[in-house]
Amino acid sequence: MSSTNHEIDYEIYGEEMQYVEIELDPQEAVVAEAGSFMMMDTDIKMDTIFGDGSNQDRGVLGKIFSAGKRVLTGESLFMTAFLNVGQGKKLVSFASPYPGKILPIDLSEKGGKFICQKDAFLCAAKGVSVGIEFSKRLGRGLFGGEGFIMQKLEGDGMAFVHAGGTLAKKELAPGEVLKVDTGCIVGFSQTVDYDIEFIGGIRNTVFGGEGLFFATLRGPGTVYIQSLPFSRLAGRVWAAAPRGGGKDKGEGSILGGLGDLLDGDNRF
């Protein structure tokens, strides 16, 4: 069976703040979310496209429906395509949005489909379809906590997703269950069954400090987990941000404001 996706080569650089460098042959292209572009060679043409670029053969209504599904995941109607219009091989790079790891996904090894967290997608070979994974259970979409509406990547090419913090890979046996914070899911193979479960218990709910729900993932299949969801990172940054007057919380000192005096920080 011939490939419907552009066959791209790549290399990932860095440790904590990674970027992926993609090598494009003439007339090969890669599509990416806005804001992930880092650098590129000359003779690469940037073009804003409607949807993910996998639907050129569809009619207008088909393109609108395909792009519109992305809005449900909080993404833009548009993506950016990077096309090599030159004669030789050209390079284009895309950067991680925050500290973590870039995970390459070969969809031809995943049965043509991979399900991922809605903000995990970074870029993919042109022809890969980026859509919403509609749930068979109503509870998933309504009670998912940190945006548990999943994206699906379909095709037979390469796609790249980003995981915050440290990346854990779990191979689940048939029937094996893993319970995960909804925001810590990066993605999983299509053979994994997933659902939302209520944690329960009044003490957990009121005093536990965790969410009210977690995801249950049932094997067989591969699951990727991140230690630092962006929502968790953003929450910590927001909590530590200066409030009214610009005074911070005294970071780096267990003494807080008193520590500013001892540390030589006398900005009152």
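## A tour from pocket to core

In the lining of the largest pocket, 8 residues are nonpolar, 4 are polar and 4 are charged. To see these residues in this predicted model, select Glu33, Pro97, Asp119, Phe121 and Leu122, which of the 16 lining residues are the ones that lie nearest the centre of the pocket. The space in this largest pocket amounts to about 270 Å³.

Keep phenylalanine 121 selected, and colour strand 10, the strand in which this residue lies. Is phenylalanine 121 buried or exposed? Its relative accessible area is 6%, and because the limit for a buried residue is under 20%, phenylalanine 121 counts as buried. Now show what surrounds the residue: leaving out residues up to four places away in sequence, phenylalanine 121 touches Val31, Glu33, Met79, Val130, Gln151, Leu153, Phe160 and Val161. One of these, glutamate 33, is 88 residues apart from phenylalanine 121 along the chain, yet the C-alpha atoms of the two are separated by 7.6 Å.

From here, move to the largest nonpolar core. Which residues have the most contacts inside this core? Select Ile105, Phe114, Leu153 and Val161, which hold that place among the 20 residues of the core. Then colour strand 6 (78-84), strand 8 (100-106), strand 9 (113-117), strand 10 (121-125) and strand 13 (158-164), the elements that each give two or more residues to this core. Strand 13 provides the largest share, with 3 residues. In soluble globular proteins, nonpolar side chains tend to be buried together.

Centre the view next on isoleucine 105, and display the residues in contact with it, which, once neighbours within four places in sequence are set aside, are Lys110, Phe114, Gly157, Met158, Ala159, Val161 and Tyr224.

Finally, zoom out and show the whole chain as a cartoon, in which 5 helices and 19 strands can be traced. Of the 268 residues in the chain, 41% are buried. Among contacts with a separation of 6 or more, 78% are between residues 24 or more positions apart. If you switch to a surface view, the accessible surface of the chain is about 14,300 Å², and 57% of this area belongs to carbon and sulfur atoms.

Note on methods. Residues are numbered from 1 along each chain as its sequence is written. This is a predicted model: local features need pLDDT of at least 70, side-chain atom pairs count only at pLDDT 80 or more; totals for chains, interfaces and linings use all residues. Side-chain values use heavy atoms; hydrogens and water are left out. A nonpolar core is a set of buried Ala, Val, Leu, Ile, Met, Phe, Trp, Tyr and Cys residues joined through side-chain atoms within 4.5 Å. Buried means under 20% relative accessible area, exposed over 50%, partly exposed in between (1.4 Å probe, protein chains only). Helices (H or I, at least four residues) and strands (E, at least two) are DSSP runs, numbered from the N terminus. Contact means heavy atoms within 4.5 Å. On a 1 Å grid over the protein atoms alone, a cavity is a set of points where a 1.4 Å probe fits but cannot get out, and a pocket is an open set with protein on both sides within 12 Å along at least five of seven lines; lining residues have an atom within 4 Å of a point. Grid points are joined across faces, edges and corners, and a volume is the space filled by probe spheres set on the points. Ala, Val, Leu, Ile, Met, Phe, Trp, Tyr, Cys and Pro count as nonpolar, Asp, Glu, Lys and Arg as charged, and the others, Gly among them, as polar. Accessible areas come from the Shrake-Rupley method with a 1.4 Å probe; for residues, only the protein chains shown count as cover.
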